[in-house]
Amino acid sequence: MRSVQKLLISASLLGLSACGTQVSAPSLMPRAVEKQPIDMPVEEAAEPQGPADPALQTALARQIDAAQAGDKDFTERRAAAENAVAKAAGKAQGGEEWVQAQEAITALESARAAVRDAAAAIDALRDNPAYAAPGNRAAIDAAARQVSGIEDAQSAAVAALAGKLG
């Protein structure tokens with residue numbers, strides 16, 4: 001018991017001694033200047049935009065032509081699918097007309113492959129480090145937008161036909 005009292009007295013004296021003197025060390029608190037926001041202008045590095053590489057332009061033109069040819073094939077098959085869906089509208093699922101309409105929509109869906117392949121080829125060109133120049137990127141982006149527009153229109157047409165069929 002006596003040793004516990006000595007320990008408590010020693011701890012309290014030690015604690016009081018820490019409060020007695022003031023140390024002249026610098027504060028670790030942030031200084032006023034450190035609290036101010038730093039507004040630095042951010043400038044983006046601008047690379048000169050030159051024309052696209054001729055080999056890239058040829059490859060892009062080839063892919064756009066392939067997408068347009070695929071869209072022409074899609075348009076031809078779309079008329080047949082629309083007729084089949086019109087015949088099957090309101091008929092029972094699983095009936096002969098309904099099955100034929102499903103097959104026509106499936107054929108229409110498969111006709112989209114040429115456009116999807118062209119879009120994938122354009123994306124592969126985007127990943128090629130040889131075409132990293134800004135002029136090349138702009139040409140790739142323009143071709144991708146063009147093919148993507150065709151692809152979106154085809155997706156909407158297939159979805160509309162599938163929605164009518166139910």
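**Entry 1: around helix α3**

I began just after α3, where Gly90 takes a positive phi of about 85°. I am working with a predicted model, in which local features need pLDDT of at least 70 and side-chain atom pairs count only at pLDDT 80 or more, while totals for chains, interfaces and linings use all residues. Residues are numbered from 1 along each chain as its sequence is written, and side-chain values use heavy atoms, with hydrogens and water left out.

Next I looked up α3 itself, which covers residues 54–88 and has 35 residues. Helices here are DSSP runs of H or I with at least four residues, numbered from the N terminus. From first C-alpha to last, α3 reaches 50 Å, close to the 51 Å expected at 1.5 Å a residue; the expected span is 1.5 Å times one less than the number of residues.

What caps the N-terminal end of α3? I found Asp53 there, with a side-chain oxygen 3.2 Å from the backbone nitrogen of Ala55. A polar contact is a pair of N or O atoms within 3.5 Å; within protein, one must be able to donate a hydrogen and the other to accept it, and residues adjacent in sequence count only if both atoms are side-chain atoms.

Then I checked which residues of α3 are buried (under 20% relative accessible area, with exposed over 50% and partly exposed in between, using a 1.4 Å probe and protein chains only). Among them are Leu56, Ile64, Phe74 and Val85. Their cover includes α4 (96–110), α5 (113–127) and α6.

**Entry 2: α4 against α6**

I noted that α4 and α6 pack at about 170°, their axes 10 Å apart. Axes are lines fitted to C-alpha atoms over the stretch in contact, and angles run from 0 to 180 degrees between N-to-C directions. That angle makes α4 roughly antiparallel to α6, a label for angles over 145 degrees. On the α4 side the contact (heavy atoms within 4.5 Å) includes Trp98 and Ile105, and on the α6 side Val158 and Leu161.

**Entry 3: single residues**

I looked up Asn136, which lies in α6 (residues 134–165). Is Asn136 buried or exposed? Asn136 counts as buried because its relative accessibility is 6%. Beyond its neighbours within four places in sequence, Asn136 is in contact with Pro51, Ala52, Asp53, Leu56, Ala130 and Tyr131.

Notes: Helices (H or I, at least four residues) and strands (E, at least two) are DSSP runs, numbered from the N terminus. Angles under 35 degrees count as roughly parallel, over 145 as roughly antiparallel, 65 to 115 as roughly perpendicular and the rest as oblique.
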